[in-house]
Amino acid sequence: MKILIIDPQFITRTGLIHLLTAQPGSIAIYEATDMKIARDYLESGEHFDLIFTELELPDCDHRYVANTLRQLAPKSHVILFTWKDSSGDVQAALFQGAQSYLCKNSSGEEVKLAIHGLLQNKPYLPDSTSMANQKTSEAERKLSPRQREIMQLLAQGLSNKEIASILGITEGTIRVHLSAIFKAIKVSNRTEATLWYLLRQG
C-alpha cells in the first residue's frame with residue numbers, strides 16, 4: 001500500500017508515520033510539505049492508495065485542496081487530517097472528493113481506530129462531527145417530498161432509469177429534479193449529492 005502525507009509540520013508527519021507503520025502489512029509512505037511537492041508525486045504517475053492532507057497548506061487555499069487532489073488522483077482515498085473543525089469547510093472538502101475526515105485533536109484511541117479502518121480502505125467520519133449529526137438544514141427544507149424520494153433512491157446507487165421506473169415518471173423528469181436538487185444543496189454531481197445525503201443520515 002502506498003500512502004502520501006501532505007502536511008507542512010514535521011512533527012505531525014512523523015507522528016502519523018509512526019501510527020501507520022505500527023499496523024501490520026507492507027506500507028510505503030511518501031511525504032510532502034505543500035501542494036507543489038504533492039503535485040510532483042501525483043503527476044509522476046505514482047498511484048497512492050491513501051492521501052492524508054492538511055487543509056491549511058502554505059501554497060493552496062483550503063477551499064481548493066480537496067478538489068485539486070481529486071483532479072490529480074481521482075482513484076485515491078483522500079483523508080482530511082487537519083486542525084480545521086469548521087463543519088462548513090470540512091463538508092465542502094468532502095463534497096469536492098475527500099472521503100474521510102479525522103481531526104488532529106482527536107483522542108489517541110480514535111486516531112488508531114480510524115487508521116486501522118482506513119488501511120482497510122474503509123472511509124472514516126467521526127460520530128461527533130456536527131455535519132454528520134445535522135439532520136435538517138435550510139437546503140434540505142428547500143427540497144420537495146418528491147425530491148427527497150429521489151435523493152433516497154439516488155443514495156442507493158440507482159440510475160435515472162431505475163428511479164424513474166420506481167416512481168412512475170420519465171427519465172427527463174428525473175433529470176429536471178436532479179438539476180434542481182444539485183442547485184438547492186450546492187453540489188455539482190451525483191456523487192457529491194449522495195455524500196451530502198448520507199452525511200445527514202447519521
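## Helices on the sheet

Let's start with a helix: α1, spanning residues 10–21, lies across β1, β2, β3 and β4 (77–82), and its direction is at about 170° to that of β2. Another helix, α5, also packs on the sheet, where α5 touches β3, β4 and β5. The direction of α5 makes about 160° with that of β5. Keep in mind as you browse that this is a predicted model.

## The sheet itself

What is the order of the strands in the sheet? Reading across, the 5 strands run β2-β1-β3-β4-β5, in an open sheet with parallel pairing. At the edges sit β2 (28–32) and β5, each of which pairs on one side only. From one strand to the next, the twist averages 20°.

For a look inside the sheet, take β1 (residues 2–6) and β3 (residues 50–53), which pair in the parallel sense over 4 bridges. Leu4 has Ile51 of β3 standing opposite.

Is Ser100 buried or exposed? Its relative accessibility is 0%, so Ser100 counts as buried, the cut-off being under 20%.

Ser100 has a polar partner: its side chain and that of His77 are joined by a polar contact of 2.7 Å. Leaving aside residues up to four places away in sequence, Ser100 touches His77, Val78, Ile79, Leu80, Leu94, Leu118, Pro123, Tyr124 and Leu125.

## Lys122 in its loop

Lys122 belongs to the loop between α5 (108–118) and α6 (130–133). Along the sequence, Lys122 and Ser100 are 22 residues apart, while in space their C-alpha atoms are 8.8 Å apart. Beyond residues up to four places away in sequence, Lys122 touches His77 and Gly117; His77 is also one of the residues that Ser100 touches.

## Cysteines

How many disulfides does a search of the whole structure find? The search finds 0 disulfides. In general terms, a disulfide is a covalent bond between the sulfur atoms of two cysteines.

Cys60 has a relative accessibility of 14% and so counts as buried. Cys103 is buried too, with a relative accessible area of 7%.

Methods. Residues are numbered from 1 along each chain as its sequence is written. This is a predicted model: local features need pLDDT of at least 70, side-chain atom pairs count only at pLDDT 80 or more; totals for chains, interfaces and linings use all residues. Side-chain values use heavy atoms; hydrogens and water are left out. Buried means under 20% relative accessible area, exposed over 50%, partly exposed in between (1.4 Å probe, protein chains only). A polar contact is a pair of N or O atoms within 3.5 Å; within protein, one must be able to donate a hydrogen and the other to accept it, and residues adjacent in sequence count only if both atoms are side-chain atoms. Contact means heavy atoms within 4.5 Å. A disulfide is a pair of cysteine sulfur atoms within 2.5 Å. Helices (H or I, at least four residues) and strands (E, at least two) are DSSP runs, numbered from the N terminus. Two strands pair if DSSP finds at least two bridges between them. Axes are lines fitted to C-alpha atoms, for helices over the stretch in contact, and angles run from 0 to 180 degrees between N-to-C directions.
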